[in-house]
Amino acid sequence: MEYFTTTSKPSQRAVDCIIVGIYDRGKLGVAASDIDTASKGEIRRLIKSGDISSELGHCAVLPGLAGVKAARIVAVGLGKSSAFGARQFRKAVAAAATVIAKTKAKQVLNGLTLETVAKTSRYYLARHTAEAFGEMLYRFDKMKSGRQPAGSSLTKIGFAIAKQADAAETKRGAEHGDAIATGVSLAKDLGNLPANVCTPSYLARTAKKLASGNAKLTTKVLNETEMKRLGMGSLLSVTAGSKEAAKLIVMQYKGGGGEKPVVLVGKGVTFDTGGISLKPGLAMDEMKFDMCGAASVIGVMATVAQLKLPMNLVVVVPTVENMPSGTATKPGDIVKSMSGQTIEVLNTDAEGRLILCDALTYSRRFKPAAIIDVATLTGACVIALGAHRSAVMSNNGALRKELVAAGERSEDLAWPMPLDEEYAEQLKSNFADMANIGGRYGGAVTAACFLEKFTDGLTWAHMDVAGTAWNSGAKKGATGRPVPLLAEMLLARCHALP
Ligand code: BES
Ligand code: MN
Ligand code: ZN
């Protein structure tokens, strides 16, 4: 995608399409007002006739108007002007993008970037625009046979700005938004692929491909023999029932000199049947999404590599398939983790933590400035927070706040959850150092408590994305979350934000 900025009046720009906004009570946005004047009151007439609505996200496509150089105008409702913030901006652009993706427009000019939007900046308006278009242009039809309907032909997105001084921030926002869209799309693709294609080996190949031709990025893949040598008995116990080979993917991006890296660890269960503690059949297909944590951290790596950020980043992905079979781990089996701690596997469906704990221990060698794991870890998290916010637990208050704040700024929301030691008592085992489940209550927290036992001396946070990583129902599909949140956090850490 190409991006440009323009200080000319929207009505005077000969583009395929312009987005203009209409507030509640007939108040016109800046670009809408310009178009209205140029067309001798056409916009106001259409509002009066009811053909343009001001309801947030409602769109009307207007063919060329006399006095206006653009071929078409998309008038999008912005709702109440007093309530118009970054989130409303994002919703309005997304709605317009959906409509535009269905037209033949090759270039679009976003007139909404002329609005004054509370608590945000030119940078975020441009970035949200690029991200929203990336979102709307995303298609996943590679598994369908035959000819698919042609996608959008959009190649250029422009931003209307009031003064040339706004250009630099706007361009930077577009560049970052584009890179985030790259990461989100990759994460979605990996999530949406079925488990018979997206196996641990497939994830490993994808990670290798990302590194090929990039001098700053290297990918190493450990096989089961190497993991056994390292003592990863916990991780290997999950793959015991599967014919697919487990992998430990290690991606290292070096863009920041000698400083300590941020390490991201992603749960890569390419299919979670539950193992011997077999899941019920209903919607079990969705357990192909149980590698969305892995997909998101690989996606973040793609974003960072595209932006060539001046920082050091390590991505570690333990990836396995969780299957029942004659060789599978059984409830009650006791396994030894790489840390030396023993675990009684009371439920083979609590497998995510079993692979993550060994990945966390392995990651110590990178001496992380901070380590964050991302996992579709618990159904309990979906009950607690639903589909809107990811959970953040941490042994470090500053890191937890940093992540939640990055979620707010990037519109990829998260919420803090507790990690009191009292919860950890639920993990007591009569036979081993700990059990892998903590009973019915507070399941998202006890899962995090389990991981915490492997983070002594580390600045660590855990993100449970079980509710946010994919949509169910008619819109079934991966969301690419929390790529925007993590990208935002890293951008802030390397001072790349205005
Ligand atoms: N991958 C699941 C968590 C999950 C379930 C995510 C449903 C999204 C939707 C995880 O491996 C799992 O099965 N967790 C168990 C843990 C339990 C056995 C303690 C769960 O949440 O039921
Ligand atoms: Mn499970
Ligand atoms: Zn799982």
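Let me open with a question: is Glu135 buried, exposed or partly exposed? Glu135 is partly exposed, with a relative accessible area of 33%. Before going on, please keep in mind that this is a predicted model.

Glu135 has a partner. Its side chain meets that of Lys188 in a salt bridge, 2.9 Å from N to O. Lys188 sits in helix 5, residues 167-192, and Glu135 in helix 4, so the pair ties together parts that are 53 residues apart in sequence. Lys188, for its part, is buried, at a relative accessible area of 5%.

Let's step back to the overall layout. The protein is divided into domain 1, residues 2-162, and domain 2, residues 182-493. Thirteen residues of domain 1 and 18 residues of domain 2 make the contact. The C-alpha centres of the two domains are 38 Å apart. Together domain 1 and domain 2 bury about 1,200 Å², and 49% of that is on carbon and sulfur atoms.

What holds polar interest here? Between domain 1 and domain 2 there are four salt bridges, along with seven residue pairs in polar contact. On the side of domain 1 that touches domain 2, helix 3 (86-101) and helix 4 (122-137) each supply at least two residues. Helix 4 gives the largest share of that side, six residues.

Now for the charged pairs. Another is Glu351 with Lys267, where the closest N and O atoms are 3.0 Å apart. This pair links distant parts of the chain, 84 residues apart: Glu351 is in the loop between strand 13 (342-345) and helix 10 (352-363), and Lys267 in the loop between strand 9 (262-266) and strand 10 (268-272). Glu351 counts as buried at 1% relative accessibility, and Lys267 counts as buried at 2%. There is also a network: salt bridges with shared partners join Arg90, Arg127, Glu131, Arg409 and Glu488.

Arg44 and Asp36 form a salt bridge as well, with their closest N and O atoms 3.4 Å apart. Here Arg44 is partly exposed, at 44% relative accessible area, whereas Asp36 is buried, at 7%.

On to the nonpolar side. The largest nonpolar core has 66 residues, and Leu264, Met311, Leu313, Ile372, Leu403 and Leu486 touch the most other members. Helix 9, residues 292-307, contributes the largest share of this core, 10 residues.

Helix 14, residues 443-452, is mostly covered, with nine of its 10 residues buried.

Two last stops. Thr468 is in the loop between strand 18 (460-464) and strand 19 (470-471), and Thr468 is buried, with a relative accessible area of 1%. Its contacts beyond four places in sequence include His388, Arg389 and Arg481. Finally, Pro498 lies in the segment after helix 15 (483-493). Pro498 and Gly173 are 325 residues apart in sequence, yet 9.1 Å apart in space, C-alpha to C-alpha. Not counting residues up to four places away, Pro498 touches Tyr123, Glu169 and Arg172.

Technical notes: Residues numbered from 1 in each chain as written. Chains lettered and ligands numbered in written order. Predicted model: local features only at pLDDT ≥ 70, side-chain atom pairs only at ≥ 80, totals over all residues. Heavy atoms only, no water. Core = buried A, V, L, I, M, F, W, Y, C linked by side-chain atoms within 4.5 Å. Buried < 20%, exposed > 50% of the residue type's maximum accessible area, 1.4 Å probe, protein only. Helix = DSSP H or I, 4+ residues; strand = E, 2+ residues; numbered from the N terminus. Domains from an automatic or database assignment. Contact = heavy atoms within 4.5 Å. Buried area = accessible area lost by both parts, 1.4 Å probe. Polar contact = N/O pair within 3.5 Å; in protein donor to acceptor, adjacent residues only side chain to side chain.
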